Protein chains: 2
Amino acid sequence: MAYQPLDVHSVIDYIKNRPSMEQIFPKEALLSAKEVGDGNLNLVFIIQNQNNPQQAAVLKQALPYLRVAGDSWPLTRERMRFETQALLKYNELAPGLVPLVYDSDDEMSLVIMEYLGRHEIMRKPLVARKRFPKFVDHITTFLVNSLFYTSDLYLTGLEKKELQKQFINPHLCKIQEDFVYTNPYMESPENKWNPLLDREVQAVRANATLKLAIAEMKEAYMTHAEALIHSDLHTGSIMLNEEETKVIDPEFGFYGPMAYDIGAILQNLILNYLSHFAHTHDRTERESYQAYLLEMVRDIWNEFARKFDQTWAENNRGELVPAKYWDFPGGADAFAEYRHRYLLRLLQETTGHGGTKFLRRMMGIVTVWDISSIADPHQRAIAERLAIRIGARWVLERRQVNSIDDLIGIVREETEDVQVY
Amino acid sequence: MAYQPLDVHSVIDYIKNRPSMEQIFPKEALLSAKEVGDGNLNLVFIIQNQNNPQQAAVLKQALPYLRVAGDSWPLTRERMRFETQALLKYNELAPGLVPLVYDSDDEMSLVIMEYLGRHEIMRKPLVARKRFPKFVDHITTFLVNSLFYTSDLYLTGLEKKELQKQFINPHLCKIQEDFVYTNPYMESPENKWNPLLDREVQAVRANATLKLAIAEMKEAYMTHAEALIHSDLHTGSIMLNEEETKVIDPEFGFYGPMAYDIGAILQNLILNYLSHFAHTHDRTERESYQAYLLEMVRDIWNEFARKFDQTWAENNRGELVPAKYWDFPGGADAFAEYRHRYLLRLLQETTGHGGTKFLRRMMGIVTVWDISSIADPHQRAIAERLAIRIGARWVLERRQVNSIDDLIGIVREETEDVQVY
């Protein structure tokens, strides 16, 4: 079928004509569809059996342009192939932590997958101060399984390079390269920021030391092919409830630095932390939830590091450093030291990439709902100013970070004396 | 034509049947062929017009196994496609510094190229203390042009990733990963070393600090996709005379760390320097030629850095850090500082990769002619012991190297009091 964007009518015909979909919908089912895409790149339809809404699926179809900037930003639809490939890989590596894939169609640039009716996008409940007792366990398992098992630590060189080739994803890489690491820090027509932050934004753009460091992080993003990373793993790419966590939208997936994904999670949680200076007026409630978020950040890193280290020690199958290499007196300690250094490097790079992502959200093409939902610009500026300060320090001080407490310490120092209106 | 290895008879028929070869050989020419492959992987034929030996070509055909280890090490013949692709790319980027390509045939796994009858493989004349006044200029142009123009410093992200995809070269990468960074430092049946060096070899294998550092260099080799590197750029891959320099044998080419190529050149020159403790008995002659080699090492780095920096400043077309990013007061200085740091990192990584390559030549699958041609094992051991010491120090001290003189300083310190028999 030649590519054409579907609508709420044609999507039902399409589903009816896919034999694979009989696993979800009985042949005679009366289907309804609604389009719910709030994304920038895609149509997203929810299709349900009107007589049994439990029978449901999501169909996601790529549009040939980037919505956020109007029709003017053409994008290849091949990104849907990357999303499908990544979802299939994640289903294999981290089952239960991503939506099931029912079907896909490269020519139509679409994927049909599990409907997550009982899950919500993580940003909103975080603003509403909800707690998710299983999230740390889920997201760290997702990170370890998706990163470790696609890296040279687990795969043979041949396996890794074959997978890497499937995920050469230049068009979507370019979006992150431009919009995370470059354009926000110079004049570019799509940049947006709170006018109350003019001075801070101009200061970042003229800060040579900071821009040198950001350029170094960009170089790592563009050249360090460590693992299949999600590459857009913010809290808007996570759907969850108290019991389950599902990572969605991996169309940016490619072989890049592991720390980019970890940094995205931690940075989004801290940005949410900052947003509560405006969202949560009751001081006790605010401090309690902010403490919860910092604890979550600490737990995510520590639990990630623990699982990563243990998985590596127990599954040292990759060719980067084969088990036999450590077969000498003291070799077990040397292997442990190698893992320790590897994880310390990951933490420092997590700090650098995470720091950059604070800055891009404050002065680039797109902010996040945690911040944009603060109506009063003066209140918003409080969180935004802190985000810029913390982001800049994470980038600049990344090589001095020796534990997750150092990284959290920067957040604490910058938010000690916040004056809330 | 289905793959079959050619011989001195069938190769002539093959050439006669390639219309493209009429550019070299007249239709009625009486051709002769000889096989001269001393390599490990390929057949190499020189084909000449018997009545006009100036009319000549080289045909290189991949064998389906790695010769050095007998028939038992099967290798995909696709490596010839990588060699052809790389030769074509090098002809475009560094014309005159690689052989011309006349024709190629993927199915037969062969390439037909310029015959270099007036050039010799660099190792032998270096042992014979020949001097090549244009080599520094040639090899630094080759390095700058092949590395800079295939990197994110010059290409757009899309261009780079398309080229990277063409050069995903898992089988030949595996050879270097195993034989440079892994097997020499553990028990592996193909390892060979001078029995007089038993103690030194065992010490390297049990040196946890050194092996941690080598593992870090290997990680960079496997994941840092900076530029199209030759990846086997030792002095056996260079043919030259006083006037011309030609880089050959780029079948290992892939997107890897630039420093690997630079390190290969510098390390091979130092290894040749060490070999003269045995090859050149006259002290004055030896010291004069060794001084010449150290000067060449210094000049190569400095000239590489100068050309790289200038080429970058004048052709800042890549997307890694676009010119506009530096458009702020002090931005020109920041850009200069960025280039400076980039080159310092390259020098430190050059030291690390080069150091590893000293070690692998002393205790791995294959040594080099400079060393193996020293008949007396005691004399050979002098050079080999120094190579191990210098290699280990280059690896371990790489992050303290701030100029090429630091790197050369290690060579000087280790060779101050050499006792020659």
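Copies are superposed here by least squares on the C-alpha atoms of residues with pLDDT of at least 70 in both. With that in hand, welcome to this structure, which is a predicted model.

**How the two chains relate**

A rotation of 180° with 0.0 Å of shift along its axis brings chain A onto chain B, and the RMSD is 0.0 Å. That is the relation of a two-fold axis. Both copies use the same surface, since 100% of the contact residues of chain A recur in chain B.

**Chain A as a whole**

Chain A contains 14 helices and 10 strands. How does its radius of gyration compare with that of a compact globule? A compact globule of 421 residues would have a value near 22 Å, and chain A agrees, with 22 Å.

| Property of chain A | Value |
|---|---|
| Box filled by the C-alpha atoms, along the principal axes | roughly 65 × 60 × 40 Å |
| Buried share of the 421 residues | 62% |
| Accessible surface | about 15800 Å² |
| Part of that surface belonging to carbon and sulfur atoms | 49% |

**A closer look at A:R361**

Now let us visit a single residue. A:R361 sits in helix α11 of chain A, which covers residues 331-363. Is A:R361 buried or exposed? Its relative accessible area is 8%, so A:R361 is buried, because buried means under 20%.

Which residues does A:R361 touch, apart from its neighbours within four places in sequence? Its contacts are A:R123, A:H234, A:Q267, A:L271, A:V366, A:T367 and A:V368. For one of these, A:V366, there is more detail: its backbone oxygen lies 3.4 Å from a polar atom of the side chain of A:R361. The fold also brings A:R361 and A:N191 to 9.8 Å from each other, C-alpha to C-alpha, although they are 170 residues apart in sequence.

**A helix in chain B**

Finally, turn to helix α13 of chain B, made up of 20 residues, 377-396. From its first C-alpha to its last it reaches 28 Å, close to the 28 Å expected at 1.5 Å a residue. α13(B) is mostly covered, with 15 of its 20 residues buried.

Definitions and conventions
Residues numbered from 1 in each chain as written. Chains lettered and ligands numbered in written order. Predicted model: local features only at pLDDT ≥ 70, side-chain atom pairs only at ≥ 80, totals over all residues. Heavy atoms only, no water. Contact = heavy atoms within 4.5 Å. Helix = DSSP H or I, 4+ residues; strand = E, 2+ residues; numbered from the N terminus. Buried < 20%, exposed > 50% of the residue type's maximum accessible area, 1.4 Å probe, protein only. Polar contact = N/O pair within 3.5 Å; in protein donor to acceptor, adjacent residues only side chain to side chain. Expected span 1.5 Å × (residues − 1). Rg over C-alpha atoms; globule rule 2.2 N^0.38 Å. Areas by Shrake-Rupley, 256 points an atom, 1.4 Å probe, with all protein chains shown as cover.
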